[in-house]
Amino acid sequence: MTNTAQQQSHQVVLITGANSGMGLETALLFAQKNYRVYGSVRSIAKGLELEKVFAEKGLSMTPVVCDVTRTQDVNDAIRMVVSDAGRLDILVNNAGYGLVASVEEGTDEEFMHQFDVNVFGVLRTCRAVIPFMREQNSGMIINVSSFLGKMGLPLLTHYNSSKYAVEGITDSLRYELSPYGIKVHTVAPGLFQTGFVKNGLKANPSTTSPDSPYAEQANILLPQVVEKINQGPSPVEVAKAVLAVAEGDTQQARVPAGNDSVYFDKLSRELTQEEFELNVKKALSLI
């Protein structure tokens, strides 16, 4: 075993939202690569289910009960990992969900919860882990954003804006933490075949009602999103992108993952904002 492989085999990673989809595939891949993996879940029952999945594959993983909307949960989880493993080298902020709602019809409760999970959850975990990484003078934070973290779509305004915020957090933290040897990256997935439609999307009933003024947009856009997720590529590709960042195989600050993300990322660099939005409308039959 090379020195690099030996170092990696002892590295400690915490992945939030590790019980399904991209988080699960990322946890499995890191475990296969001999990282010491901790996966955050929202309940003891989910933790036991996750342990079983890993055990059946002959892999090791330690579940950590943590609701990212609860500060005490987050602080306790980070302290537990550091106490148990002696250090924490990599934090992967993957926990999140998407709200389908027009801005007109979205409720206070809906958009506050969207940001509580997707944005404030990231801030909480970063805030909790930074002192330990700063003391180590090393570490890495990988925030899982979305291809929608750099572009808009109708009826996903709350989700998109939450991912824009994650991108802003990541870009600012890179400056803030670089003096302490802490690297900060974004991985921005496109649409992948995950349980996101069933478990990761929540819809405002008014927006999805036939009586909504946005019914026409919903009828055009949402079936496309659902189909692209249900028929999409394996989320293993996202896990590979996260691993490439963790192992230094890519130095990109922001790594698009998947065809959708790569395509729109390239397009956004080549066109004006107005041209880009026109292309998005054409691609999604919104005009």
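This is a predicted model: local features need pLDDT of at least 70, side-chain atom pairs count only at pLDDT 80 or more; totals for chains, interfaces and linings use all residues.

Student: Why is Ser 285 called partly exposed?

Tutor: Buried means under 20% and exposed means over 50%. Ser 285 has 46%, so it counts as partly exposed. You'll find Ser 285 in the segment after helix 11.

Student: What makes the phi of Ser 285 worth a look?

Tutor: Its phi is positive, about 60°, although Ser 285 is not a glycine. Most residues other than glycine have a negative phi. Leu 155 also has a positive phi, near 70°, and lies in the loop between strand 6 and helix 6.

Student: How do you know whether Leu 155 is buried or exposed?

Tutor: Its relative accessibility is 4%, and buried means under 20%, so Leu 155 counts as buried.

Student: And why is Ile 44 called exposed?

Tutor: Ile 44 has 63%, and the cut-off is over 50%, so it counts as exposed.

Student: How do you know that the length of helix 10 agrees with what it should be?

Tutor: At 1.5 Å a residue, its 12 residues should span 16 Å, and the end C-alpha atoms are 17 Å apart, so that agrees.

Student: Which residues of helix 10 are buried, and what puts them on the same side?

Tutor: They are Asp 260, Ser 261, Phe 264, Asp 265 and Leu 267. These residues cover an arc of only 165° around the axis, so they're on the same side of helix 10. The face turned away from that buried side carries the exposed residues Asn 259 and Arg 269.

Methods:
Residues are numbered from 1 along each chain as its sequence is written. Side-chain values use heavy atoms; hydrogens and water are left out. Buried means under 20% relative accessible area, exposed over 50%, partly exposed in between (1.4 Å probe, protein chains only). Helices (H or I, at least four residues) and strands (E, at least two) are DSSP runs, numbered from the N terminus. The expected span of a helix is 1.5 Å times one less than its number of residues. The arc is that of the directions from the helix axis to the C-beta atoms.
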